[in-house]
Amino acid sequence: AASDLGIENLKVIRENLMDWTTEAGEDYEQMEELYGSMLGQWNNYMRHVATIIGGVERTAKMADQEGPVYELVPEARQRGAMDFLARQAFTTPEWMIDEEIFTRIEPAGMMERIRQAQVGTVERVLDMGRMQRLIESEARIGNAAYTLGEMMAELRQAVWSELGSGQNIDAFRRNLQRGYLERMEYLMENEQPEIPAQFRAFIQRTEVDVSQSDIPAFVRGELGVLRGQVTRALNQPHDTATTYHLRDVVARIDAILDTEE
């Protein structure tokens, strides 16, 4: 809820950005800097909410104090976090896109700014340690858990919502969808990266042997479901860019899965 309100405040800043950052006789350096800061703050909101998914709350306690030190974030709160990301991150943040701003701060690059922000959020959600915690929580508490399968299905539905509606897929969404596929490919082909030595004392994470976990199986399963949805969508009329994109998606999924066979 706080992040929703924060984004509403960012929208106010964007609406007034020109008036607040420009003066006669000055260039647009201040506007460019503040726009970058605004996008960075949006990214902070996405990162904070993403930590709720597969999250664990720690309450420091002594041995004579009752109750656990570590508690799983409740299922409903995790689902709420995914709903927030579907609305605020995976739906194109059109309020960030303003020709009056972009034509004054750069010749091109607006789409890349949005792509990096959205795809970065996909990568945070599909973090290997986060996925492992969802697997473990289901093993520990069963039906009370928000499971990896549920999370990945909801993520797919948010990123690929046009497949069910028959809508054309615009350039922003095509970028997001390709970023999703690249992250899924990464999960199939890589182990968890090592933490640089200088940061190991400060970073706590869930360690996982990815190839020996359920992660590749869920990724393979989701890609199979997605391939079927895309194939069916190709039977519907679309504009040329959408048709080419969907054909490319099928080819990319086939390449990912063939690499593993």
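Q: What percentage of the 261 residues in the protein chain is buried?
A: This is a predicted model, in which local features need pLDDT of at least 70 and side-chain atom pairs count only at pLDDT 80 or more, while totals for chains, interfaces and linings use all residues. Residues are numbered from 1 along each chain as its sequence is written, and side-chain values use heavy atoms, with hydrogens and water left out. A residue is buried under 20% relative accessible area, exposed over 50% and partly exposed in between, with a 1.4 Å probe and protein chains only. For the 261 residues of the protein chain, the buried share is 41%.

Q: Which residues have the most contacts inside the largest nonpolar core?
A: A nonpolar core is a set of buried Ala, Val, Leu, Ile, Met, Phe, Trp, Tyr and Cys residues joined through side-chain atoms within 4.5 Å. The largest one has 67 residues, and α2 gives the most to this core, with 9 residues. Those with the most contacts inside the core are Leu85, Phe90 and Met151.

Q: Which type of aromatic pair do Tyr35 and Phe102 form?
A: Rings of Phe, Tyr and Trp (its six-membered ring) pair if their centres lie within 6.5 Å; planes under 30 degrees apart count as stacked, over 60 as edge-to-face and the rest as tilted. The structure holds 2 such pairs. For Tyr35 and Phe102, the centres are 5.3 Å apart with 75 degrees between the planes, and the pair is edge-to-face.

Q: Where do Tyr35 and Phe102 lie in the chain?
A: Tyr35 is buried at 0% relative accessibility, and Phe102 is buried at 5%. Their pair links distant parts of the chain, 67 residues apart: Tyr35 is in helix α2 (residues 29–50) and Phe102 in helix α4 (residues 99–105).

Q: Why is the pair of Trp160 and Tyr180 classed as it is?
A: Trp160 is buried at a relative accessible area of 3%, and Tyr180 is buried at 1%. Because the ring centres of Trp160 and Tyr180 are 5.8 Å apart and their planes stand at 80 degrees, the pair is edge-to-face.

Q: Which helix gives the largest share of the lining of the largest cavity?
A: On a 1 Å grid over the protein atoms alone, a cavity is a set of points where a 1.4 Å probe fits but cannot get out, and lining residues have an atom within 4 Å of a point. The search finds 1 cavity of 30 Å³ or more, and the largest cavity has a volume of about 40 Å³. Its lining consists of Gly54, Gly55, Leu72, Gln78, Arg133, Leu134 and Ser137. The largest share of this lining, 3 residues, comes from helix α6 (residues 128–141).

Q: Which residues is Arg174 in contact with, leaving aside its neighbours within four places in sequence?
A: Arg174 lies in helix α9 and counts as buried at 17% relative accessibility. The C-alpha atoms of Arg174 and His245, 71 residues apart along the chain, are separated by 7.2 Å. Contact means heavy atoms within 4.5 Å; beyond its neighbours within four places in sequence, Arg174 is in contact with Ile169, Ala241 and His245.

How values were computed. Helix = DSSP H or I, 4+ residues; strand = E, 2+ residues; numbered from the N terminus. 1 Å grid on protein atoms, 1.4 Å probe; cavity = no way out; pocket = protein on both sides within 12 Å on 5 of 7 lines; lining within 4 Å. Points joined across faces, edges and corners; volume = space filled by probe spheres on them.
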